[in-house]
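Student: I have not seen this structure before. Could we go through it together?
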Amino acid sequence: MAGAVPSAAAPGGRTLNLVLATAASVAGFWAWNSVATLGAFYTQNLQLNPATTGILVAMPVFVGSLGRIVVGALTDKYGGRAMFSFVLLAAIVPILLVALGGTIRSFALVLAAGLVLGVAGTVFAVGIPFVSAWYEPSRRGFATGVFGAGMGGTALAAFLNPRLVAWIGYFPTHLLIAGVLAVMAALVWFLMKESPGWSRTTAPVLPKLLDAAKAPVTWKMCLLYAVVFGGFVSFATYLPTYLRDVYSFDPSAAGARTAGFALAAVLARPVGGVLADRFGPKPVVVVSLAGVAVLAWVVNLQPDGDVPAGLTFVAMAAALGLGTGGVFAWVGVLAPAGKVGSISGVVSAAGGLGGYFPPLVMGATYDAATHSYSIGLLLLVVTALAALAFTLFVLHGRSTAKVAPA
């Protein structure tokens with residue numbers, strides 16, 4: 001990716017393209033999270049135990065995470081318009097197969113289709129280099145933060161999917177999601193444009209990925225993003241199951257509360273990006289990780305009552321959202337020009353993988369006798385504290401985007 005176009009040349013198109021990219025991300029995240037939000041449905045209809053449900057809901061996360069590595073590099077080569085269209089269209093077939101698998105009560109088909117559905121989660125690796133090309137370095141925290149709000153598709157899925165299944169049925173719900181993906185792909189193809197400052201990278205994909213992997217900034221940001229975005233993904237995917245097991249909520253009530261969690265993270269993400277532009281990414285990430293550690297301990301105490309528990313989860317979501325905005329603002333500062341897509345792909349893959357393992361751990365360590373997930377939550381406390389220490393004492397580098405190369 002070439003440097004962002006000067007601010008004087010960009011405003012004619014960048015707002016529309018940022019909106020389109022964010023809307024495409026919402027559609028992708030909605031599809032990506034469709035299996036997780038119906039975990040209670042699969043548990044009941046496929047007769048699954050908590051560990052097996054954890055595996056099922058984690059499958060789209062796994063492929064969506066690894067796929068971001070390749071998709072990020074391909075975005076540098078083919079551009080955001082082509083890759084957004086490809087990802088959205090490619091997600092339609094697996095969402096329909098998930099619909100079929102759930103209808104005929106085939107665990108194997110839902111599992112396999114969910115694995116392929118992970119392609120929808122790669123939409124994030126398309127958007128970061130695309131929107132970064134439209135904005136000057138000093139505003140990339142804002143741009144990537146707004147685009148990152150597209151993960152609000154998880155809130156949409158959590159709130160709507162259980163209700164849609166109750167209102168119109170399981171199969172029609174997935175037909176509706178497939179229709180949204182198709183419409184969004186058409187809008188992207190016909191309305192989206194590349195930044196005037198973007199230029200196609202002609203280097204082969206594999207060497208670019210290897211080059212990105214060798215950059216020290218890549219692995220530093222991978223660690224942080226695995227904690228903050230991984231924490232968001234794991235809560236967003238497993239929270240309906242957690243709320244059912246610990247607080248005895250029905251699917252619709254659990255979905256509404258999960259949607260609130262996701263929405264809080266979505267709103268906090270652009271705030272994290274803007275604060276990183278102004279004060280530097282490091283302070284934002286430090287506050288985020290400290291908040292995650294404290295709040296994970298509070299969640300472990302199982303606060304009683306809707307208000308105490310609700311406020312705790314909203315605060316956790318806000319802390320994670322701030323962190324995701326701060327980390328990707330840091331990527332925009334430190335990543336060399338022309339490597340934003342490949343580095344973003346690797347970093348966002350690490351974030352997705354960070355969200356893949358916790359549901360498996362939560363399902364495997366759930367204590368049915370006490371309705372407790374203490375082991376998994378205490379592991380999150382330890383992980384957040386380790387990442388906090390790493391950020392405070394190891395990470396150095398430019399603190400704001402103003403001195404980053406265009």
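Student: What classes of residue make up the lining of the largest pocket?
Tutor: This is a predicted model. In it, the lining of the largest pocket has 15 nonpolar and six polar residues, and no charged ones.

Student: And which residues lie nearest the centre of that pocket?
Tutor: Of the 21 residues that line the largest pocket, Ser234, Gly354, Pro358, Gly376 and Leu380 lie nearest its centre.

Student: Which elements give two or more residues to the lining?
Tutor: They are H13, helix H17 (340-365) and helix H18 (374-393). The largest share comes from H13, with nine residues.

Student: How much space lies in the largest pocket?
Tutor: The largest pocket holds about 450 Å³ of space.

Student: Let us change topic to helix packing. At what angle do the axes of H4 and H13 cross?
Tutor: Helix H4 (residues 50-78) and helix H13 (residues 216-247) have axes that cross at roughly 150° and come within 11 Å. Angles over 145 degrees count as roughly antiparallel, so H4 is roughly antiparallel to H13.

Student: Is the crossing left-handed or right-handed?
Tutor: The crossing of H4 and H13 is right-handed.

Student: Which residues make the contact?
Tutor: On H4 they are Pro50, Thr53, Gly54, Val57, Val61 and Arg68. H13 contributes Phe229, Val233, Thr237, Tyr238 and Thr241.

Student: How does that contact divide by class?
Tutor: The contact of H4 with H13 has six nonpolar residues, four polar residues and one charged residue.

Conventions
Residues numbered from 1 in each chain as written. Predicted model: local features only at pLDDT ≥ 70, side-chain atom pairs only at ≥ 80, totals over all residues. Heavy atoms only, no water. Axes fitted to C-alpha atoms, helices over the stretch in contact; angles between N-to-C directions. Helix = DSSP H or I, 4+ residues; strand = E, 2+ residues; numbered from the N terminus. Parallel < 35°, antiparallel > 145°, perpendicular 65-115°, else oblique. Left-handed = near helix turned anticlockwise from the far one by under 90°. Contact = heavy atoms within 4.5 Å. Nonpolar A, V, L, I, M, F, W, Y, C, P; charged D, E, K, R; others polar. 1 Å grid on protein atoms, 1.4 Å probe; cavity = no way out; pocket = protein on both sides within 12 Å on 5 of 7 lines; lining within 4 Å. Points joined across faces, edges and corners; volume = space filled by probe spheres on them.
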